[in-house]
Amino acid sequence: MFADRAEAGRRLAARLEYLRGEPVVVLGLPRGGVPVALEVARALGAPLDVIVVRKLGVPFQPELGMGAVGEDGVRVINREVVRLARVAADELAAVQAREQAQVDARAARYRVRRPREPLAGRTAIVVDDGIATGSTARAACQVARAHGAARVVLAVPVAPQGWEARIAGADELVCVDTPRDFAAIGQFYADFSQTTDEEVIGCLEYAAAPASQQAAAAAAADPPAQGEQLPGPWGEEVAPAAGEVRLAGYLTVPENAAGIVVFAHGSGSSRHSPRNRYVARVLNAAGLGTLLFDLLTPAEELDRANVFDIGLLARRLTEVTRWLRTQPRAAGAAVGYFGASTGAAAALWAAAEPGAGIAAVVSRGGRPDLARPRLGAVTAPTLLIVGGHDDVVLDLNRRAQAGLRCENQLAVVPGATHLFEEPGTLDAAAALARDWFVSHLPHHRNPVA
């Protein structure tokens with residue numbers, strides 16, 4: 001349904017256009033609700049702030065919410081869940097104390113550079129990336145009301161049918177879609193990667209900056225907005241051909257590049273993926289070219305079946321590789337694939353095609369198991385990089401490795417979870433990828449199309 005939180009925010013903003021011109025403050029629920037709220041604030045020309053709440057998870061099943069706490073000691077308890085889960089009063093108190101401390105610490109961090117936006121007499125638009133149980137949203141509405149909001153609007157991109165009955169404290173409820181088969185918020189996002197505190201602070205600082213500074217920030221972004229050129233003398237915006245489809249991408253080819261690495265992102269991410277951009281910069285510094293591109297068009301991304309169609313993604317990768325080899329600066333250069341998540345399966349699938357001529361493949365936090373029927377046909381030396389704390393994916397990679405017949409290696413980054421967010425873990429993964437490609441690409445010459 002939504003490619004990512006930014007797209008969800010833009011679509012939600014269209015539903016809130018009737019509030020333009022009113023005294024509005026947009027309040028994002030950290031962390032995931034803030035990128036959504038930023039798009040709403042930009043569209044309405046309204047200030048952006050956060051409203052900090054924390055779910056109270058059942059002690060033996062933290063994902064199951066039994067309530068929430070918010071700033072200024074606001075508490076919402078789902079007595080039915082507490083009763084059914086048989087949570088004792090002292091257990092509830094312990095969870096509440098722990099989560100309230102998190103609320104206070106997070107609020108202090110977000111507000112270190114700017115005070116809370118006044119709500120007295122104004123309309124508070126409380127925004128999250130979706131509604132599941134509704135406990136955190138109810139707490140947020142109560143906090144907004146306690147801070148003097150004259151009117152409270154709760155707005156979300158997606159919620160289960162009948163969600164309105166779960167919400168109290170809001171004057172209006174706005175939702176883009178209420179699908180019938182609702183299991184979790186993440187199932188309706190192609191890219192539902194975790195939002196970091198740094199990204200939340202970045203959204204707040206961007207929204208607070210004057211329009212001229214926002215424009216300058218957009219111009220300096222890496223990668224830049226569509227239509228602008230990547231920094232550096234060898235970067236350019238390109239439109240790779242994949243059959244009759246033109247895709248959006250960024251090609252960087254250093255002088256005398258030892259090879260070019262084509263990135264295959266995963267699960268609806270894009271050429272703007274900050275993790276892939278970081279890895280690309282590491283590869284560029286080592287003298288390797290990089291091509292980051294969108295595997296699907298914006299319209300195709302709206303169909304979640306496309307996002308997980310490994311055969312389709314692999315065909316796109318093959319077609320774009322064929323296009324790349326026709327480019328003057330890439331002619332004859334060795335080509336490697338770097339895949340993340342489902343993109344790793346697409347990379348291996350494409351590398352297994354007869355005559356693919358791929359020099360090396362690297363998977364970061366990938367799902368090579370999704371390419372199981374083709375693993376035995378892969379001839380390119382393959383490196384599988386997995387986080388040491390990504391237990392499920394680590395097991396899947398070990399099983400997939402057993403199906404590879406080519407030169408291969410499994411590298412485990414200690415302390416890393418699936419997104420390599422822990423300090424130093426993405427650095428380690430990028431260094432592993434760099435060393436693998438530097439070792440294999442210079443000794444391989446790709447066939448000329």
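Let me begin with a term: a residue is buried under 20% relative accessible area, exposed over 50%, and partly exposed in between, using a 1.4 Å probe and protein chains only. The structure above is a predicted model, where local features need pLDDT of at least 70, side-chain atom pairs count only at pLDDT 80 or more, and totals for chains, interfaces and linings use all residues. Residues are numbered from 1 along each chain as its sequence is written, and side-chain values use heavy atoms, leaving out hydrogens and water.

First, the aromatic rings. Rings of Phe, Tyr and Trp (its six-membered ring) pair if their centres lie within 6.5 Å; planes under 30 degrees apart are stacked, over 60 edge-to-face, and the rest tilted. That rule gives 4 aromatic pairs. In one of them, Tyr 189 and Phe 192 have ring centres 5.1 Å apart and planes at 40°, so this pair is tilted. Tyr 189 is buried, with a relative accessible area of 1%, while Phe 192 is partly exposed, at 32%.

Phe 263 and Phe 338 also form a tilted pair, because their planes stand at 40°, with the centres 4.9 Å apart. Strands here are DSSP runs of E, at least two residues, and helices are runs of H or I, at least four, both numbered from the N terminus. Phe 263 is buried at 2% relative accessible area, and Phe 338 is buried at 1%.

Back to Phe 192: ring pairs link Phe 2, Tyr 189 and Phe 192 into a cluster. The charged end of Arg 5 sits over the ring of Phe 192, 4.4 Å from its centre. For that, NZ of Lys or CZ of Arg must be within 6 Å of the ring centre and within 35 degrees of the ring normal.

Next, a sheet. Five strands form an open sheet in the order E2-E1-E6-E7-E8, with parallel pairing; two strands pair if DSSP finds at least two bridges between them. Strand E2 (48-50) and strand E8 (172-177) are at the edges with a single partner strand each, so one side of each has no neighbour in the sheet. Strand E1 (residues 24-28) is joined to E2 by 3 bridges, and Gly 28 stands opposite Val 50 in E2.

Last, helix H12 (residues 342-351): 10 of its 10 residues are buried, among them Trp 349.
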